[in-house]
Amino acid sequence: MAFVDLHLHSRFSDGTYGPEELVAQARRHELAAIALTDHDSVEGCPGTARACAAAEIEFVTGTELTAEQDGNELHILGYCIDTQNARLLTQIARFQAVRQNRIREMVARLNQLKVPLSAEAVFALANCRAPGRPHVARALVEAGLCASLDEAFERFLKKNRPAWVPKFKMSGEEALELVHQAGGVAVLAHPGLNRMDEVIPRLVEAGLDGIECFHTKHSTATTEHYLQMADRFHLLVTGGSDCHGLSKGKPLIGTVKVPYQHLEKLKARAAEIKQLIVTRVDS
Ligand SMILES: [Zn+2]
Ligand SMILES: [Zn+2]
């Protein structure tokens, strides 16, 4: 039986692995295919595609977009997207600028709290265009200002803690549209983490293609719950480890095994979406 991992982060967002290392890990776990889903970035896709080709592992392009519905954060995974799509790249550049400004604001708040961290230290550590809170947490630990990543989040960075800064987000509908116009399949990431089942019917109405049923933080009962939901709404089923390398404790790649058949269906849906775009341009 072949298995895939469709939720992986690299150093192009808040993961620690570069493309080669990520693919080496995928190979170690004998995965048949992987998708790279960096937050608000597709920058790691070309390098990961090359490393996958060399290792004879199938590669699926992807990204994980942050959106908002009724004041709640939700993550939309885009699969099989055209990573050269102009509008996707323009929007991603905008989200990345928002992320960088947010880092500066969080650091300013830390400084007000007499925590002497510099934004430059966070950017140097992040070394990517899509920096996020995990990078601030790591910078705090490396500077000896916090004892652990957990402490950094608990004391300063978690929602409503003193250095937390709200982030501008597009709506769920906008995220779905952005993925679709780039020829991609739109999937709601880890719904069990956000516990917002009530938004699912609305997202389905707006064209949601699938839900991530298999995820590291989903219990067996949660997975079962979303498998039933996928069935009820005729949605694709996806899954992955949400591995961030070493930045969130131990590497998770290979811990969530998703049967290859789910990727088969996802690719069929992607082909339909791309066909729809071609038809629309022709007519
Ligand atoms: Zn996520
Ligand atoms: Zn993720």
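Colleague: Which residues coordinate the zinc ion (ligand 2)?

Modeller: In this predicted model, the zinc ion (ligand 2) is coordinated by His 7 and His 9 through their NE2 atoms, by Glu 64 through OE and by Asp 242 through OD, at 2.0 to 2.2 Å. Along the sequence these donor residues follow the spacing H-x1-H-x54-E-x177-D, and both His 7 and His 9 are buried.

Colleague: How should I read the angles at the site of the zinc ion (ligand 2), and what are they?

Modeller: The general idea is that four tetrahedral donors ideally make angles of 109.5 degrees. Here the angles among the four donor atoms are 80 to 171 degrees, and the site is irregular.

Colleague: Which residue bridges the zinc ion (ligand 2) and the zinc ion (ligand 1)?

Modeller: Glu 64 bridges them, and the two ions lie 3.6 Å apart.

Colleague: Which strands are joined to strand 1, and how do they run?

Modeller: In a regular strand, side chains alternate between the two faces of the sheet. Strand 1, residues 3-8, has five of its six residues buried. Two bridges join strand 1 to strand 10 in an antiparallel manner, with Val 4 opposite Val 258, while three bridges join strand 1 to strand 2, which runs parallel, with Leu 8 opposite Leu 36. Between strand 1 and strand 2 the chain passes through helix 1 (residues 19-28), and this β-α-β crossover is right-handed.

Colleague: How many residues has the largest nonpolar core?

Modeller: That core has 64 residues, and Ile 211 is one of those with the most contacts inside it. Apart from it lies another core, of 19 residues, including Ile 103 and Cys 146.

Note on methods: Residues numbered from 1 in each chain as written. Chains lettered and ligands numbered in written order. Predicted model: local features only at pLDDT ≥ 70, side-chain atom pairs only at ≥ 80, totals over all residues. Heavy atoms only, no water. Donors = N, O, S within 2.8 Å, 3.2 Å for Na, K, Ca; no water. Tetrahedral: all angles 85-135°; square planar, octahedral: opposite > 155°, others 65-115°. Buried < 20%, exposed > 50% of the residue type's maximum accessible area, 1.4 Å probe, protein only. Core = buried A, V, L, I, M, F, W, Y, C linked by side-chain atoms within 4.5 Å. Helix = DSSP H or I, 4+ residues; strand = E, 2+ residues; numbered from the N terminus. Pairing = 2+ DSSP bridges. Right-handed = clockwise from strand over helix to strand, strands pointing away.
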